[in-house]
Amino acid sequence: MEGLTESWRSDRVVRLAQVGAVACSVLLPLVQVGLAFSYVGNGIGTGLWSLAATAAYLPLHLRHVWYAARAHRPPLGGWSLVVMTAIILGATPLAGNMWPRAYTALVVSFLLVLPAPWSYLGYVAVVAAAAPVAHALGLSWAAAPWLTFSVLGGSAALLLLVWLAATLTRLQAAREALAQRAVMQERRRIDDDLRHSLGSALESIAARGDRAASKVATSEPAAAAADLTGLADESRRTLAEARRRVRGYRQPSLRAELETAASLLTAAGVATRLDLPRGGIPDTIAPQSRNALRATVTRLLRAGPIGACTITATVWDGRMLLVVRADDAAETIEVRP
C-alpha cells in the first residue's frame, strides 16, 4: 500500500509539472495581448492584430511545450515551427511596438524543437533582434533594453519549467524501469534457488520412487518397503525445506534492495558504488531497515547535486550495518533480517 501511495504521489508531481509548464506558456502570451491594447502608442487595431496572431501561433507553441515537458520531440515539429515563425514575424509590423515580446515563445520553441547548434543560433539571433525591431516600430531606445531583458527572462523561466518537467518524467521512467528490472532479478534468483535446492531433492525423490516401483515389480517387498520408507522421510524433509524457503521469499531481498538503490542514484547522475563484504550478506532485510534505506535514498535524490555515493555493508559487533556515504555526509542503517 505504501508503494502504491508513493507511486501515485510521484505520478501526480510529474503531471503537475507538465501542466504547470503549459499553463505558464499560456499566461505570458495573454499578458502580451493585454499590453498590445493598453501600451502607449498602441490602439484597438494593434491589439486585435496581436490577439489574432496569438490565437494562431499559441496552439503550435503549446504543442512544442507539451511534448518537451514529457521528454519527447514533437512529431513534424520542424514544420509547426516554420508556421509559428511565419505567424509571429508576419504580425510584427501590425501588432504594435510591444509585439517583439512574443519572441519569447519563438525562442523557447527554437530550443525545444531544433537540434544544436541551430537552436542556439536561432535563440541568439531572435533575442538580439528584439530591441531593434521594437525601436523601429516606435519604441524608445530607453525602453528597448527592457524589452530584450523581458524576452530573456521570460524564455529562461519557461525553459526551466519545461526542463524540470522533462527531468521528472525521465526520472519516473527510470524508476519504473528499475522496478521492473528488480522484479525480474528477484524472479531469476528464486528460480535459480529452487532449481539448485528443491529441484535436486525432487529428482532424488523421483529416482527413489522409480527404484521402489521396480523392486515391487520384481517381487522384492522388503527392499521396496525400505525404499518407500526412505522416500516418505525424504519427501517430508523436502516439504519442510520448501515451506522454509517460501517464508524466506516473502521477505524482501537485501541484495535486490541495495542494487535498486544504487541503480536509482546512478540514474539520477550520482556515481554510486556498492561495497559488500566477501563473506556475503543476509538474504533478507526487515521492513524497518528497508524503509530506512529507501528514505535515505529519497533524501539523497532530493538534496541536490551529489558527486559520488558509496553504500558499504559491514559487520560490527555481530550486526550487519549499511553505511551510506554521499560526499562528506554519512548515514548508518542497521540491517535486521
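Me: Which element gives the largest share of the lining of the second largest pocket?
Reply: This is a predicted model. Elements that give two or more residues to this lining are α4 (103-113), α5 (118-136) and α6 (144-196). The largest share is 3 residues, and it comes from α6.

Me: How many residues line the second largest pocket, by class: nonpolar, polar and charged?
Reply: The pocket holds about 230 Å³ of space. Its lining has 14 residues, and Arg73, Leu111, Leu112, Trp163 and Arg170 lie nearest the centre. By class, the lining splits into 10 nonpolar, 2 polar and 2 charged.

Me: Is His61 buried or exposed?
Reply: His61 sits in helix α2, residues 44-69. Leaving out residues up to four places away in sequence, His61 touches Ser25, Met84, Ala105, Val108 and Ser109. Buried means under 20% relative accessible area. His61 has 0% relative accessibility, so it counts as buried.

Me: How are α9 and α10 oriented to each other?
Reply: Helix α9 (residues 254-267) packs on helix α10 (residues 287-303) at about 5 degrees, with the axes 10 Å apart. Angles under 35 degrees count as roughly parallel. The two helices, α9 and α10, are therefore roughly parallel.

Me: How many residues of the contact of α9 with α10 are charged?
Reply: From α9 come Glu257, Leu258, Ala261, Leu264 and Leu265. From α10 come Arg290, Leu293, Arg294, Val297, Leu300 and Leu301. The contact has 8 nonpolar residues and no polar ones, and the charged residues number 3.

Terms used:
Residues numbered from 1 in each chain as written. Predicted model: local features only at pLDDT ≥ 70, side-chain atom pairs only at ≥ 80, totals over all residues. Heavy atoms only, no water. Helix = DSSP H or I, 4+ residues; strand = E, 2+ residues; numbered from the N terminus. Buried < 20%, exposed > 50% of the residue type's maximum accessible area, 1.4 Å probe, protein only. Contact = heavy atoms within 4.5 Å. 1 Å grid on protein atoms, 1.4 Å probe; cavity = no way out; pocket = protein on both sides within 12 Å on 5 of 7 lines; lining within 4 Å. Points joined across faces, edges and corners; volume = space filled by probe spheres on them. Nonpolar A, V, L, I, M, F, W, Y, C, P; charged D, E, K, R; others polar. Axes fitted to C-alpha atoms, helices over the stretch in contact; angles between N-to-C directions. Parallel < 35°, antiparallel > 145°, perpendicular 65-115°, else oblique.
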